[in-house]
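Please examine the sequence and the three-dimensional structure shown here before reading on.

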Amino acid sequence: MNRIDRLFGILVLLQTKKYVTADKISDQFEISIRTVYRDIKALTEQGIPISFEQPKGYFIVQGYFLPPVSFNSEEANALLIMERLVSGFTDQSILKHYTTALNKVKAVLRSNQKEKLELLNNNMILQLPDSIKNEFEYLSALQNAISSQCIIEIAYTNNKVQTTKRELEPIGLIFYAFSWHLIAWCHLRCEYRDFKVSRIESVKNLEIPFQKTEHMQLSEYMKLLPVNY
């Protein structure tokens, strides 16, 4: 869990209980007590009125609340149709996270909205050609590596059915020619290479920062693509 998600989680926890001890926060989010103190300090610096009462624990000053998320029917319908597109054009890892997020949306809908959404869900089909099969589950891991600018190690099978291991500095993902492609600086070849995600056998985030100080923009690499779609 990244820090932003953890801070939001701590805030939600504080809102669900009258008092929360540092030990409780530490156990739930698997962090040290010192990290709890830093996170509470970060929340208070953002204007959230958190106070402390010995020995009961932390509490949010009465009167503060996090406004609930609400959606109208059209917004919920738009998210539902996106689920079809996600299932057809991404992979299993993205579909899993999107479905979890969509369930959170459904949880805050009114009963009549839920009924209409379920009816719509049963009456929408995305029909794709058999050539589009996204049975891999690496897009989420690749997204994380790109955003954190960490070196990854992949096992990759080329069009000659030869599998090699590569250390890469991933700069972006492009969907073209009906497939996802990872664009990355390859340490083995010392140049930017295009890796078809469906041919990746495994992905390991080495959690090592990029070694190359500057990378080309993804938009510039796109100009080198053999197709314009």
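The paragraphs below move from the whole chain to its cores and then to single elements.

This is a predicted model, in which local features need pLDDT of at least 70 and side-chain atom pairs count only at pLDDT 80 or more, while totals for chains, interfaces and linings use all residues. Residues are numbered from 1 along each chain as its sequence is written, and side-chain values use heavy atoms, with hydrogens and water left out.

The chain contains 8 helices and 7 strands; these are DSSP runs, of at least four residues (H or I) for helices and at least two (E) for strands, numbered from the N terminus. Its radius of gyration is 23 Å, well over the 17 Å that the globule rule gives for 229 residues, so the chain is more spread out than a compact globule. The radius is taken over C-alpha atoms, and the rule is 2.2 Å times the number of residues to the power 0.38. Along the principal axes, the C-alpha trace spans about 65 × 50 × 30 Å.

Of the 229 residues, 35% count as buried, that is, under 20% relative accessible area with a 1.4 Å probe and protein chains only. Among contacts with a separation of 6 or more, 59% join residues 24 or more positions apart; contact means heavy atoms within 4.5 Å.

In soluble globular proteins, nonpolar side chains tend to be buried together. A nonpolar core is a set of buried Ala, Val, Leu, Ile, Met, Phe, Trp, Tyr and Cys residues joined through side-chain atoms within 4.5 Å. The largest one here has 27 residues, of which Leu142, Leu168, Leu182, Phe195 and Val197 touch the most other members. Helices H4 (73-89), H5 (92-107) and H7 (139-148) and strands S3 (150-157), S4 (163-176) and S5 (179-186) each supply at least two residues of this core. A second, separate core of 18 residues includes Val20, Ile31, Leu43 and Tyr58.

Which residues does Leu182 touch, not counting those up to four places away in sequence? Among them are Leu142, Ile146, Leu168, Phe195 and Val197.

Helix H7 can be followed in the same way. Its residues Leu139, Ser140, Leu142 and Ala145 are buried, and their cover includes H5, S3, S4, S5 and strand S7 (200-209). Just after H7, Gln149 takes a positive phi of about 55°.

Lastly, Arg6 lies in helix H1 (residues 3-16). At 12% relative accessibility, Arg6 counts as buried. Not counting residues up to four places away in sequence, Arg6 touches Met1, Phe29, Ile31, Thr35 and Asp39.

Technical notes: Buried < 20%, exposed > 50% of the residue type's maximum accessible area, 1.4 Å probe, protein only.
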